[in-house]
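Dear colleague,

I am passing on the structure below, and I would be glad if you opened it beside this message while you read. My notes on what was found follow after it.

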Amino acid sequence: MADLQLQDIVKPENQVYGKSKILTDTPMHYCYGCSHGVVHKLIAEVIEEMGIQEDTIGVSPVGCSVMMYYYLDIDWLQAAHGRAPALATGYKRTNPKKYVFTYQGDGDLAAIGTAETIHAVNRGENIVMIFINNAIYGMTGGQMAPTTMVGQVTATTPYGRDIDRNGYPLKITELLAQLPGAAYVTRQSVHTPANVRKCKKAIRKAFENSAKNIGTSFVEVVSTCNSGWKIDPVESNKWMEENMFPFYPLGDLKNGERSDVGEYSVQKLKK
Amino acid sequence: MKGNEVIAEAAIRCGCDAYFGYPITPQSEVMETLMIRRPWEETGMVVLQAESEVASINMMYGATSSGKKIMTSSSSPGISLMAEGISYLAGAELPGLIVNVQRGGPGLGTIQPSQADYFQATKGGGHGDYHLIVLAPASVQEMNDFVGLGFDLAFKYRNPAMILADGVIGQMMEKVELNDFKPRWTEEQIEELNGSWAATGKKTHRERYIKTSLEMVSEKQEKFNQKLQAKYRQMEEEDVRYELINCDDAEYIIVAYGVSARLSQKAVDVLRKQGIKVGLLRPITLFPFPTKIISEFASKVKGFLSVEMSSGQMVQDVRLAVNGKTKVEHFGRMGGVIATPIEVVEAVQSKLMGE
């Protein structure tokens with residue numbers, strides 16, 4: 001390795017890393033330090049490595065990642081706020097051989113779209129759901145999200161989230177893990193290289209699951225929003241570790257498959 | 001067969017790929033019939049009971065994005081819930097067939113028949129400048145015929161279409177001649193027919209397709225709005241449908257659609273027997289509205305009576321078409337009450353023929 005010259009480094013056989021072909025050249029509109037770009041990259045790499053560009057349909061939400069279709073070179077549907085799991089259901093049911101994934105933030109998935117989220121998972125739709133939980137509404141300027149921490153200051157909780165006024169942060173991922181339709185439910189982060197690698201494995205597993213017809217695969221990524229939190233990127237990672245991880249612990253919540261496929265479909269109730 | 005059952009059967013027979021719906025009176029027989037028929041075994045058509053009308057219309061959005069024929073049905077309060085999704089469908093230029101078997105409102109209203117959703121159906125219903133193609137069946141036969149026609153028009157214009165029925169047409173039983181079976185489109189046919197827009201997975205030979213209604217640049221959005229408007233003008237040129245009954249020598253014309261047209265036809269018979277020259281103009285497409293033909297008659301007749309089961313909604317479009325040339329009156333019952341032909345006869349006499 002010591003003999004490696006500059007002209008050798010750029011040779012294709014010596015390159016150990018590069019930009020996924022699925023990622024377009026469009027500059028991302030995300031703020032510095034935002035987790036979206038990293039998660040986009042991981043999804044792009046998984047699609048490329050699995051060779052499923054022609055067979056993958058993304059459903060983008062309303063929120064910061066509404067224009068995710070600028071960045072991944074696949075066919076896209078763009079949903080109304082919260083409705084991505086319904087779009088994905090409609091697409092997947094009528095095109096069962098496709099890989100269909102939704103990409104949603106906490107407001108989209110766990111507030112306005114809670115019904116669509118729960119029912120899609122409860123039906124065991126064979127889709128992938130990527131859930132970016134940064135405990136805040138980024139796009140509209142940092143308002144309270146369903147996952148905002150108790151005491152967290154946001155534009156609509158300027159004195160901190162107060163449980164008497166605002167209720168509790170919603171652990172939607174724990175809730176979904178209870179549903180028999182869920183095959184794989186995991187919580188990841190992308191704030192360190194090790195976590196990025198783990199998160200990619202989780203996304204890959206989720207995509208592989210969706211071809212096996214074993215139920216819904218759900219990947220939460222606990223994320224930072226330094227603009228919304230008004231904390232710089234490095235401090236944001238620390239804030240997330242200290243405040244969010246104790247409440248939203250990383251790891252798999254469910255790793256299996258629907259054990260009862262076909263069982264209820266023919267089961268007759270006793271009269 | 002019942003009107004609602006015919007909608008289900010016609011969908012299977014015209015090669016519909018999927019139905020997504022949520023139960024609501026008076027149209028629940030649509031999904032019930034589909035579930036009993038099990039078309040997934042026969043044609044591969046998907047039938048799914050959604051968790052809400054909001055989900056149903058968005059499942060339609062997802063499925064129709066792949067270039068397939070998708071149907072949903074509901075009744076008035078459910079259509080209000082779908083309004084958001086319908087606006088998005090129009091904004092993303094996606095086809096789809098929505099059936100509204102109207103009941104009385106506002107709010108939960110009544111489960112009895114009504115025609116009070118005319119404004120909602122013909123003026124868009126959701127936010128933004130858009131229209132649906134709106135077909136108004138007046139018989140169970142037309143419940144059959146308009147499913148195929150609705151899909152044809154929806155795909156011709158890449159715009160959602162609506163069958164605007166009412167509780168009477170949905171619930172009543174009549175003889176019907178069903179269509180022959182047409183197979184569902186194959187993947188190859190979809191590529192051939194809808195390959196220029198359907199998101200069937202990004203191919204190497206084309207750019208990626210994005211089914212969205214979002215545009216951040218005002219000038220581009222305005223261009224898109226103009227494109228939609230051009231589409232609506234084309235509908236007005238090419239796809240206005242109506243029926244004329246006894247209009248040739250008419251001195252008075254009743255304008256009525258759906259069940260109101262059925263009872264107005266009876267009223268025309270009664271008035272003709274009395275020697276009064278009355279005709280019936282029945283709009284079949286409520287959007288595009290038969291403005292031109294009404295305008296032509298406006299200079300020949302002494303007056304129009306719009307008969308609707310509402311406080312007077314279509315009458316506004318009749319007045320716009322007549323443009324002050326002659327008298328335009330409205331007669332209607334509300335709240336699920338169905339007018340009798342005799343009441344229509346009396347309305348013609350008192351509102352049009354009176355001094």
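Predicted model: local features only at pLDDT ≥ 70, side-chain atom pairs only at ≥ 80, totals over all residues.

Of the contacts in chain B with a separation of 6 or more, 78% are between residues 24 or more positions apart.

The domain assignment divides chain B into domain 1 (3-171) and domain 2 (242-353), and the centres of these two domains, taken over C-alpha atoms, are 27 Å apart. Where they touch, domain 1 of chain B contributes 25 residues and domain 2 of chain B contributes 21 residues. On the domain 1 side, helix 6 (118-122), strand 5 (133-135), strand 6 (160-166) and helix 8 (167-171) of chain B each supply at least two residues, and helix 6 of chain B gives the most, with four residues. The residues on that side of domain 1 of chain B are 16 nonpolar, seven polar and two charged.

The largest nonpolar core holds 180 residues, and among those that touch the most other members are Ile130(A), Val134(B) and Ile254(B). Helix 7 (residues 140-157) of chain B gives the most to this core, with nine residues, while domain 1 and domain 2 of chain B each provide at least three residues. Leaving aside residues up to four places away in sequence, Ile130(A) touches Val39(A), Ile43(A), Phe101(A), Thr102(A), Tyr103(A), Val219(A) and Val221(A).

Some details of the backbone also deserve a careful look. A cis peptide bond joins Thr25(B) and Pro26(B), with omega about 5°, and Pro26(B) sits in the loop between strand 1 (18-21) and helix 2 (29-37) of chain B. Another cis peptide bond joins Phe287(B) and Pro288(B), with omega about 0°, and Pro288(B) lies in the loop between strand 11 (285-287) and helix 12 (291-298) of chain B. Asn323(B), although not a glycine, has a positive phi of about 50°; Asn323(B) is found in the loop between helix 13 (314-322) and strand 13 (327-331) of chain B, and this residue counts as exposed because 12 other C-beta atoms lie within 10 Å, where 12 or fewer is the cut-off.

With best wishes

Conventions. Residues numbered from 1 in each chain as written. Chains lettered and ligands numbered in written order. Domains from an automatic or database assignment. Contact = placed C-beta atoms within 7 Å. Nonpolar A, V, L, I, M, F, W, Y, C, P; charged D, E, K, R; others polar. Core = buried A, V, L, I, M, F, W, Y, C linked by C-beta atoms within 7 Å. Buried ≥ 20, exposed ≤ 12 C-beta atoms within 10 Å, placed from the backbone.
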